[in-house]
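The sequence and the structure come first, and the description follows.

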Amino acid sequence: MDLVMFTADHCATSEQLRPVFELFATYKAYAGIAFLRLDADQTPVAKQALQQNAPFFVSYDQGRLVHCDTLHTEQQLRALLHTLRQPA
């Protein structure tokens with residue numbers, strides 16, 4: 001399972017969630033999830049999609065899109081991670 005966080009430098013919410021995202025990546029409970037952070041400004045499609053809605057999270061399981069959405073709080077990120085840990 002991969003979880004990608006697309007961030008933007010101009011987004012205060014991205015800056016608030018970045019350290020939380022990085023901390024969660026160290027938790028043993030999420031050991032089966034690869035945490036990746038990408039700069040939306042360096043990805044044309046993401047840059048266009050995130051003009052007003054950063055940070056944007058996308059998760060994949062063996063190349064299959066599982067989830068994509070904008071998250072704004074630590075609680076929303078925790079809920080997503082809890083969902084991703086559930087068996088399919």
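## Salt bridges

Glu15 is partly exposed, at a relative accessible area of 39%; buried means under 20% relative accessible area, exposed over 50%, and partly exposed in between, with a 1.4 Å probe and protein chains only. Its salt-bridge partner is Arg18, with the closest N and O atoms 3.7 Å apart. A salt bridge here is a side-chain nitrogen of Lys or Arg within 4 Å of a carboxyl oxygen of Asp or Glu. Arg18 is also partly exposed, with a relative accessible area of 25%. Both Glu15 and Arg18 belong to helix α1, where they sit 3 residues apart, about one turn of the helix. Helices (H or I, at least four residues) and strands (E, at least two) are DSSP runs, numbered from the N terminus.

The model is predicted: local features need pLDDT of at least 70, side-chain atom pairs count only at pLDDT 80 or more, and totals for chains, interfaces and linings use all residues. Residues are numbered from 1 along each chain as its sequence is written, and side-chain values use heavy atoms, with hydrogens and water left out.

A search of the whole structure gives 4 salt bridges. One of them joins Arg37 to Glu22, with 3.5 Å between the closest N and O atoms. Arg37 lies in strand β2 (residues 34-39) and Glu22 in helix α1, so this pair ties together parts that are 15 residues apart in sequence. Arg37 has a relative accessible area of 42% and is partly exposed; Glu22 is partly exposed at 35%.

Another salt bridge links Glu74 and Arg78, whose closest N and O atoms are 2.9 Å apart. These two residues are 4 apart in helix α3, a separation of about one helical turn. Glu74 is partly exposed, with a relative accessible area of 28%, and Arg78 is partly exposed at 37%.

## Aromatic pairs

How many aromatic pairs does the structure hold? There are 6. Rings of Phe, Tyr and Trp (its six-membered ring) pair if their centres lie within 6.5 Å; planes under 30 degrees apart count as stacked, over 60 as edge-to-face and the rest as tilted. Tyr27 and Tyr30 make a stacked pair, 6.1 Å centre to centre with 10° between the planes. Tyr27 is partly exposed at 31% relative accessibility, whereas Tyr30 is buried, with a relative accessible area of 8%.

Tyr30 also pairs with Phe35; this pair is tilted, with 6.4 Å from centre to centre and 55° between the planes. Both Tyr30 and Phe35 are buried. Ring pairs connect Phe21, Phe24, Tyr27, Tyr30, Phe35 and Phe57 into a cluster.

## Nonpolar core

The largest nonpolar core has 15 residues, and Leu3, Phe35, Phe57, Leu77 and Leu81 touch the most other members. Such a core is a set of buried Ala, Val, Leu, Ile, Met, Phe, Trp, Tyr and Cys residues joined through side-chain atoms within 4.5 Å. Two or more residues of this core come from each of β1 (2-7), α1 (12-24) and α3 (74-85).

Leaving aside residues up to four places away in sequence, Leu3 touches residues that include Phe21, Phe35, Phe57, Leu77 and Leu81. Contact means heavy atoms within 4.5 Å.

## Strands and hairpin

Strand β3 (residues 56-61) and strand β4 (residues 64-70) run antiparallel and are joined by 6 bridges. Two strands pair if DSSP finds at least two bridges between them. Val58 stands opposite Cys68 in β4. The two strands form a hairpin with 2 residues between them, and Gln62 in the turn has a positive phi of about 50°.

## The whole protein

The protein has 3 helices and 4 strands. Along the sequence they follow the pattern β-α-β-α-β-β-α.

Of its 88 residues, 33% count as buried. Among contacts between residues at least 6 apart in sequence, 65% join residues at least 24 apart. The protein exposes about 5500 Å², and carbon and sulfur atoms supply 50% of that area. Accessible areas come from the Shrake-Rupley method with a 1.4 Å probe; for residues, only the protein chains shown count as cover.
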